[in-house]
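I opened the model to take notes on its folds and contacts. My entries follow in the order I looked things up.

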Amino acid sequence: MVAKKVNESQRTTVQRQSEREVVVTRTFDAPARLVFEAWSKPELFKKWWVPRSMGMTLRSCEMDVRIGGKYRLVFGEDAVNTMAFFGSYLEVVPNQRIVWTNEESGDAGSVTTVTFEERDGKTLLVMSELYPTKESLDAAGTGAQEASHETFEQLDELLGELSAR
Amino acid sequence: MAQYSSSHFNASFAALADATRRGVLNQLARGDASITDLADKFDMTLTGMKKHVGVLESAGLVTTEKVGRVRTCRMGPCRLEKEMEWIARYRHTWDARFEALDDVIDELKRQEKARGRKKSK
């Protein structure tokens with residue numbers, strides 16, 4: 001496999017900013033309006049939010065990206081076993097900033113803030129997730145890990161089967 | 001995370017939130033060093049370095065021992081695995097998403113370019 005060229009400044013950074021907040025940054029080689037477009041149009045958003053490696057199927061994606069607008073993402077293998085993620089947009093500044101709530105886990109959900117800063121035709125994206133408690137942030141990490149572990153195991157199995165042929 | 005105290009977890013993260021402290025840990029992973037060595041290496045005052053080492057020490061990431069006039073620092077009993085693991089899995093999710101996002105953005109750029117070419121004709 002050809003190693004993918006990784007520009008140092010383009011790497012994803014993850015930092016636990018405080019006990020309730022995690023911040024992710026990444027630079028994209030495109031002006032902010034395009035990055036914003038990919039985050040705010042459901043037909044584009046659904047193309048990247050659930051990459052194949054996550055092993056989940058996005059069944060529907062509704063987003064009304066304006067202040068007070070709602071979104072709803074439904075995941076699931078079939079119509080019966082589904083899981084929905086939903087919330088509403090608190091702030092929307094075109095090409096600059098989107099803030100939304102995550103309400104699927106009850107009343108005390110996390111709030112996600114994404115900002116887009118354009119510099120020399122590139123866009124620095126900063127995403128912060130602020131959780132109501134430190135336990136909920138720790139748990140958020142745990143869930144993701146278990147899910148991705150499982151996916152990797154499945155992938156390992158599949159690769160094993162393929163190479164054994 | 002169940003068997004892991006969250007207050008400890010948070011102290012570790014606070015300790016790791018600073019680039020100099022992460023650098024100090026990298027340095028100590030290669031070998032013990034005195035506060036003076038570390039201050040030189042990171043181009044800092046002794047007082048500044050003492051503060052950083054203090055934060056790392058209270059998170060259990062570093063231990064120090066004073067022999068004579070020299071305070072030697074070494075990796076503490078608390079290893080970083082849990083913290084690293086948390087960050088790694090979080091990063092993994094976002095890396096995968098962002099790679100897919102790169103593709104979507106590239107496509108948008110191509111479309112925009114194509115439209116621009118049409119317009120200028």
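How many bridges join S1(B) to strand S3 of chain B, and do they run parallel or antiparallel? I counted 2 bridges between S1(B) and S3(B), residues 70-75, and the two strands run antiparallel. I note here that this is a predicted model.

**Entry: the sheet of chain B**

I looked up the strand order next. The sheet is open, has 3 strands and reads S1-S3-S2 in chain B, with antiparallel pairing. Its edge strands are S1(B), residues 33-34, and S2(B), residues 62-67, and each pairs on one side only. I reminded myself that strands of a sheet pair through backbone hydrogen bonds, either parallel or antiparallel.

I then checked which residues face each other. Ser34(B) stands opposite Thr72(B) in S3(B). On the pairing of S2(B) with S3(B), I found 6 bridges in the antiparallel sense. There, Thr64(B) is opposite Cys73(B) of S3(B). S2(B) and S3(B) form a hairpin with 2 residues between the strands. In that hairpin Gly68(B) takes a positive phi near 65°.

**Entry: helices on the sheet**

I went back to S1(B), which is one of the edge strands. Helix H2 of chain B, residues 19-30, packs on the sheet and touches S1, S2 and S3 of chain B. The direction of H2(B) makes about 90° with that of S3(B).

**Entry: a closer look at H2(B)**

I checked its length. H2(B) has 12 residues, which should span 16 Å at 1.5 Å a residue. The end C-alpha atoms of H2(B) are 17 Å apart, which agrees.

Which residues of H2(B) are buried? I listed Arg21(B), Val24(B) and Leu28(B). Seen down the axis of H2(B), the buried residues fall within an arc of 55°, so they line one face of the helix. The face turned away from that buried side carries the exposed residues Ala19(B), Asn26(B), Ala29(B) and Arg30(B).

**Entry: chain B overall**

Along the sequence the pattern is α-α-β-α-α-β-β-α. Chain B has 121 residues, and buried residues make up 21% of them. I also looked at contacts in chain B with a separation of 6 or more: 51% come from residues 24 or more positions apart.

**Entry: where chain A meets chain B**

I found 30 residues of chain A in contact with 26 residues of chain B. Several elements of chain A each supply at least two residues to its side of this meeting: S1(A) (13-18), S2(A) (21-28), H1(A) (32-40), H2(A) (42-48) and H3(A) (134-164). H3(A) gives the most, with 8 residues. I sorted the residues on the chain A side into 14 nonpolar, 8 polar and 8 charged.

**Entry: Met83(A)**

I ended with one residue of chain A. Met83(A) lies in strand S5 of chain A, residues 82-93. Is Met83(A) buried or exposed? Met83(A) counts as exposed because it has 11 C-beta neighbours inside 10 Å, and the cut-off for exposed is 12 or fewer. Leaving aside neighbours within four places in sequence, Met83(A) is in contact with Phe75(A) and Gly76(A). I also looked at Glu104(A), 21 residues from Met83(A) along the chain; their C-alpha atoms are separated by 9.2 Å.

Definitions and conventions. Residues numbered from 1 in each chain as written. Chains lettered and ligands numbered in written order. Predicted model: local features only at pLDDT ≥ 70, side-chain atom pairs only at ≥ 80, totals over all residues. Pairing = 2+ DSSP bridges. Helix = DSSP H or I, 4+ residues; strand = E, 2+ residues; numbered from the N terminus. Contact = placed C-beta atoms within 7 Å. Axes fitted to C-alpha atoms, helices over the stretch in contact; angles between N-to-C directions. Buried ≥ 20, exposed ≤ 12 C-beta atoms within 10 Å, placed from the backbone. Nonpolar A, V, L, I, M, F, W, Y, C, P; charged D, E, K, R; others polar. Expected span 1.5 Å × (residues − 1). Arc of directions from axis to C-beta.
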